Amino acid sequence: MLGSYEKFKSSIYSLTKIDLNSYKENQMRRRIDSLITKNNILSYDSYVELLQRDREKFSQFVNFLTINVSEFYRDPAHWEYLHANIIPGLIRRFGKNLKIWSAACSTGNEPYSLVMAFSKYLPLRQIRVIATDIDRQVLDAARIGIYNEKSIAGVPEDLKRRFFTKVGESYRISSDIKACVEFKEHNLLRDAYPTGCHLIVCRNVLIYFTEQARDAVYRKFNQALVKDGVLFIGSAEQMINFRELNFERKTIVFFSKGK
């Protein structure tokens with residue numbers, strides 16, 4: 001036994017402001033215990049002490065905790081729907097100066113995918129995406145914008161030719177695309193949300209939250225959207241109670257804000 005997990009959760013909140021009570025406990029505890037064991041630590045208290053004195057281990061912990069699996073144009077059918085239906089609808093309703101938020105953006109694949117999708121309809125100088133994540137390490141990687149071949153496999157060939165440059169075995173995204181995205185640190189469970197958003201994208205993150213925490217985030221997303229603004233979630237997340245949360249369902253992953 002590693003000791004009191006309740007005490008550990010409290011210590012981690014003091015240290016990182018990440019509330020482990022909002023994550024599914026069995027799943028998250030297994031992940032954390034595995035990491036502690038890999039570091040040859042014998043107790044939660046000793047691990048907290050290690051995080052307090054070792055910045056590298058601290059970064060490793062936050063990176064491990066915030067599960068970062070991301071690809072460009074993940075789930076292509078949903079991106080095709082975004083391109084064919086959602087983007088033209090947003091421009092038609094709200095004009096060309098849209099406020100777009102990519103929440104829990106990980107290594108930048110999603111916000112950069114959004115810029116490329118919107119570039120079919122708008123000049124790059126008119127596209128602005130706010131991209132946020134709790135993990136500074138992945139935000140730093142996102143700002144650099146270097147990706148492996150697997151990560152960009154889903155990018156349409158014309159966009160790949162236009163916006164990526166091969167560098168050794170990797171690919172660097174265009175500085176023109178990077179200029180459209182502003183990266184910021186943000187904790188979905190604690191920090192204030194942007195307001196007046198026309199599109200919010202948050203995919204494959206809330207599946208790790210408890211039902212209570214997930215619904216709280218959905219309510220905040222609803223408040224962050226303008227009326228008829230759109231939320232794009234992951235297909236595994238299934239917002240069953242969307243009416244209760246003041247959303248109207250367009251598809252299983254696209255929801256518009258109600259009254």
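**Entry 1: strand 10**

I started at strand 10 (residues 254-257), where Phe254 and Ser256 point one way and Phe255 and Lys257 the other, and all are buried. By buried I mean under 20% relative accessible area, with exposed over 50% and partly exposed in between, using a 1.4 Å probe and protein chains only. In a regular strand the side chains alternate between the two faces of the sheet.

A note on what I am reading: this is a predicted model, in which local features need pLDDT of at least 70 and side-chain atom pairs count only at pLDDT 80 or more, while totals for chains, interfaces and linings use all residues. Residues are numbered from 1 along each chain as its sequence is written, and side-chain values use heavy atoms, with hydrogens and water left out.

Helices (H or I, at least four residues) and strands (E, at least two) are DSSP runs, numbered from the N terminus.

**Entry 2: neighbours of strand 10**

Next I looked up the partners; two strands pair if DSSP finds at least two bridges between them. Strand 8 (residues 225-233) runs antiparallel to strand 10 and is joined to it by three bridges. There I found Leu231 opposite Phe255.

Strand 9 (residues 247-249) is also antiparallel to strand 10, again with three bridges. Glu248 has Ser256 as its bridge partner. A hairpin of four residues links strand 9 to strand 10.

Zooming out, I read an open sheet of seven strands in the order 6-2-1-7-8-10-9, with mixed pairing. Strand 6 and strand 9 are its edge strands, each pairing on one side only. From one strand to the next, the twist averages 25°.

I then checked a parallel pair: strand 1 (residues 100-102) and strand 7 share three bridges. Ser102 stands opposite Val201 in strand 7.

Helix 5 (residues 76-94) packs on this sheet and touches strand 7, strand 8 and strand 10, its direction making about 170° with that of strand 8. Helix 7 (residues 136-144) packs there too, touching strand 2 (129-133) and strand 6, at about 165° to the direction of strand 6. Contact means heavy atoms within 4.5 Å. Axes are lines fitted to C-alpha atoms, for helices over the stretch in contact, and angles run from 0 to 180 degrees between N-to-C directions.

**Entry 3: Asn187**

I followed the chain to Asn187, in the loop between strand 6 (181-185) and strand 7 (197-202). Is Asn187 buried or exposed? Asn187 is buried, with a relative accessible area of 6%. Its side chain reaches the backbone nitrogen of Leu189 at 2.9 Å. Leaving out residues up to four places away in sequence, Asn187 touches Lys17, Ile18 and Ile134.

Strand 4 and strand 5 (residues 170-173) are joined by four bridges, and Phe164 stands opposite Ile173.

**Entry 4: helix 1 and helix 3**

Last, I took the helix pair. The axes of helix 1 (residues 5-16) and helix 3 (residues 44-53) come within 10 Å and cross at roughly 10°. That makes helix 1 roughly parallel to helix 3; angles under 35 degrees count as roughly parallel, over 145 as roughly antiparallel, 65 to 115 as roughly perpendicular and the rest as oblique.

Among the residues that meet are Phe8, Ile12 and Leu15 in helix 1 and Tyr47, Val48 and Leu51 in helix 3.

Definitions and conventions: A polar contact is a pair of N or O atoms within 3.5 Å; within protein, one must be able to donate a hydrogen and the other to accept it, and residues adjacent in sequence count only if both atoms are side-chain atoms.
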